[in-house]
Amino acid sequence: MDVLALEAKSVNGADAEKKSSSRPKPKPPKKAKRIVYFEVEIVDLKTKEKLLLLDKVEPTATVLDIKALVHKSYPKWYPARQSLRLDPKAKCLRDEEILQTLPVGTTASFYFRDLGPQLTWGTVFLTECVGPLIIYLMFYFHLPFIYSPKYDFTSSKHWVVHLACICHSFHYIKRILETMFVHRISHGTMPLKNIFKNCGYYWCSAAWMAYYINHPLYTTPYYGQMQFCQIGNFSIHVALRNLKPPGSKTKKIPFPTKNPFTWMFWLVSCPNYTYEVGSWIGFTVMTQCVPVAFFTLVAFIQMTVWAKGKHGSYLKEFRDYPTLRSSILPFIL
């Protein structure tokens with residue numbers, strides 16, 4: 001009995017050894033990859049003075065992350081106020097660019113420029129639009145100290161004056177609502193000093209045209225027309241908004257939609273500017289006022305510059321961009 005038990009035990013042991021030897025041996029744990037950290041030097045663009053040395057910056061850090069590190073050392077320079085570039089004459093780096101993809105070694109020098117105090121574009125747009133709206137209405141209602149005291153709070157007898165006020169107010173109310181609910185602005189901020197230039201242009205132009213259109217001695221124009229381009233302008237803004245998901249900065253080629261007002265995309269890259277110019281031309285014809293004509297001319301020149309810039313960026317970024325399109329005026333400009 002004891003011999004049989006010992007033999008059975010030895011057989012079972014041999015089988016166990018065979019099974020254990022047939023099992024695959026566990027793989028040794030993989031060694032963690034060694035992270036190569038970067039050393040980033042921040043240099044003042046003007047003085048070439050070394051401002052900061054950032055040690056052990058992760059290779060996956062973005063330009064925005066580097067700006068945040070600079071902000072920790074210099075609290076007054078918040079990220080929106082900073083401009084970083086690899087060369088003093090190069091373009092500013094975008095916030096989303098990643099350190100390890102830039103043409104630098106493990107020791108990189110970034111040239112820093114202080115952009116000054118910044119404001120959000122939404123704040124700038126609202127300030128630009130609220131001013132002309134209020135200023136025009138002050139002239140329309142003949143508030144004191146604008147015209148002769150005998151005309152205080154009087155109303156014009158000409159229908160075109162009231163129609164002009166409706167059109168002007170509608171234009172700026174539409175822009176305010178678009179700023180609040182439609183526009184998705186890629187650039188987050190702009191320098192504070194620019195708001196004085198922008199507001200000075202819009203506010204002074206509104207006061208200049210409103211003074212003459214609402215003047216008690218204003219004469220009725222020989223002919224006029226209502227403006228219908230505001231709906232087209234709004235339609236284009238909605239179409240452009242739908243191209244960008246919330247928080248995205250990716251660019252796409254805008255194409256016409258089922259809305260007929262967007263069909264201008266077949267002919268121009270910036271139909272919102274085309275409709276905007278059309279609105280002001282209609283307003284000029286309706287009021288036949290020299291300040292309005294001057295404002296329309298200046299606005300057309302400025303919007304042409306913006307449209308040509310955007311059209312050029314489309315052509316550079318998209319190889320399959322429609323060649324039929326012009327910048328702002330179909331087949332002309």
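In strand E2 of this predicted model, Lys 50 is the bridge partner of Val 43. That pairing belongs to an open sheet of four strands, arranged in the order E2-E1-E4-E3 with mixed pairing. The protein as a whole contains eight helices and six strands.

**The four-stranded sheet**

- Strand E1, residues 38-44, runs antiparallel to E2 and is joined to E2 by five bridges.
- Besides the pairing of Val 43 with Lys 50, Ile 42 stands opposite Leu 52 in E2.
- The hairpin of E1 and E2 has five residues between the strands, and Lys 48 adopts a positive phi near 60° in this hairpin.
- Strand E4, residues 107-114, runs parallel to E1, and six bridges connect the two.
- Val 43 also has a counterpart in E4, where Tyr 111 stands opposite Val 43.
- E1 is mostly covered, with five of its seven residues buried.
- The edges of the sheet are formed by strand E2 (50-57) and strand E3 (82-85); each has a single partner strand, so one side of each lacks a neighbour in the sheet.
- On average, and with direction ignored, neighbouring strands of this sheet are turned by 25° against each other.

**Overall architecture**

- Along the sequence, the secondary structure elements follow the pattern α-β-β-α-β-β-β-α-α-β-α-α-α-α.
- Of the 333 residues in the protein, 38% are buried.
- Among contacts with a separation of 6 or more, 73% are between residues 24 or more positions apart.
- The accessible surface of the protein amounts to about 20800 Å², and carbon and sulfur atoms contribute 64% of this surface.

**Packing of helices H7 and H8**

- Helix H7 (residues 271-287) packs against helix H8 (residues 290-317) at an angle of about 170°, and the two axes lie 10 Å apart.
- Because of this angle, H7 is roughly antiparallel to H8.
- H7 contributes Tyr 273, Glu 276, Val 277, Trp 280, Ile 281, Phe 283, Thr 284 and Thr 287 to the contact.
- From H8, the contact residues are Val 292, Ala 293, Phe 295, Thr 296, Phe 300, Met 303, Trp 306, Ala 307 and Lys 310.
- By class, the residues of this contact comprise twelve nonpolar, three polar and two charged.

**His 311**

- His 311 is located in helix H8.
- With a relative accessible area of 12%, His 311 is buried, because the cut-off for a buried residue is under 20%.
- When residues up to four places away in sequence are not counted, His 311 touches Ser 269, Tyr 321, Arg 325, Ser 326 and Ser 327.

**Thr 127**

- Helix H3, residues 121-140, contains Thr 127.
- Thr 127 has a relative accessible area of 26% and is therefore partly exposed.
- Apart from its neighbours within four places in sequence, Thr 127 is in contact with Ile 195, Cys 199 and Trp 203.
- Thr 127 and Trp 203 are 76 residues apart along the chain, while their C-alpha atoms are separated by 9.7 Å.

**Pro 216**

- The loop between helix H5 (192-213) and helix H6 (229-243) holds Pro 216.
- The relative accessible area of Pro 216 is 26%, so this residue is partly exposed.
- Not counting residues up to four places away in sequence, Pro 216 touches His 142, Tyr 147 and Tyr 151.
- Ser 156 lies 60 residues from Pro 216 in sequence, and the C-alpha to C-alpha separation in space is 6.7 Å.

Key
Residues numbered from 1 in each chain as written. Predicted model: local features only at pLDDT ≥ 70, side-chain atom pairs only at ≥ 80, totals over all residues. Heavy atoms only, no water. Axes fitted to C-alpha atoms, helices over the stretch in contact; angles between N-to-C directions. Parallel < 35°, antiparallel > 145°, perpendicular 65-115°, else oblique. Contact = heavy atoms within 4.5 Å. Nonpolar A, V, L, I, M, F, W, Y, C, P; charged D, E, K, R; others polar. Pairing = 2+ DSSP bridges. Buried < 20%, exposed > 50% of the residue type's maximum accessible area, 1.4 Å probe, protein only. Areas by Shrake-Rupley, 256 points an atom, 1.4 Å probe, with all protein chains shown as cover.
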